[in-house]
Amino acid sequence: MEMTGMLASSKAGHDKNTVYVIIKEETEYVYLADGRTKTLETPKRKNKKHIQIIKKCPEPDFQDSIQNGQADDSDIRRVLKRYRMSSIKQKQEVADVESRCD
């Protein structure tokens, strides 16, 4: 499975639970970027064992642009912001449903 362009969450280390975009994949390692501290020029190298792939596809064209080298840090920040907003919205909806059930 091609992981480049997918979102991933860190499972271990000082950056635990941080969401990144996978920008490069090697045999044992992936290179991650968040568009701010870890940019496309200076990505974070992380062992594949220490990340959790997020199956939700960020945007249809985003993975292609990462694989082709056409994306920049602002694109990564935009995709991560949209993911965070959608996950916050989902958590609020679950909390609303749970409060109605009580």
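The charged end of lysine 24 sits over the ring of tyrosine 31, 5.2 Å from its centre. A charge counts as sitting over a ring if NZ of Lys or CZ of Arg is within 6 Å of the ring centre and within 35 degrees of the ring normal. Lysine 24 and tyrosine 31 also turn up as bridge partners, with tyrosine 31 on the E3 side. The bridge partner of tyrosine 29 in E4 is asparagine 47.

A word on the model: it is predicted, so to speak of local features pLDDT has to be at least 70, side-chain atom pairs count only at pLDDT 80 or more, and totals for chains, interfaces and linings use all residues. Residues are numbered from 1 along each chain as its sequence is written, and side-chain values use heavy atoms, with hydrogens and water left out.

The protein chain has two helices and five strands, taken as DSSP runs numbered from the N terminus (helices are H or I, at least four residues; strands are E, at least two). From the N terminus on, the order is β-β-β-β-β-α-α. The five strands make an open, antiparallel sheet, ordered E4-E3-E2-E1-E5; two strands pair if DSSP finds at least two bridges between them. Strand E4 (44-47) and strand E5 (51-54) stand at the edges with a single partner strand each, so one side of each has no neighbour in the sheet. From one strand to the next, the twist averages 45 degrees, with axes fitted as lines to C-alpha atoms and angles running from 0 to 180 degrees between N-to-C directions.

Now for the pairings. Strand E1 (residues 7-10) is joined to E5 by four bridges, running antiparallel, and serine 10 has isoleucine 51 as its bridge partner in E5. Strand E2 (residues 19-25) is likewise tied to E3 by four antiparallel bridges, and a hairpin of three residues connects E2 to E3. E3 and E4 pair over four bridges, again antiparallel.

Four of the five residues of strand E3 (residues 29-33) are buried, so E3 is largely enclosed by the rest of the structure. Buried here means under 20% relative accessible area (1.4 Å probe, protein chains only), with exposed over 50% and partly exposed in between. Of the 102 residues of the protein chain, 37% count as buried.
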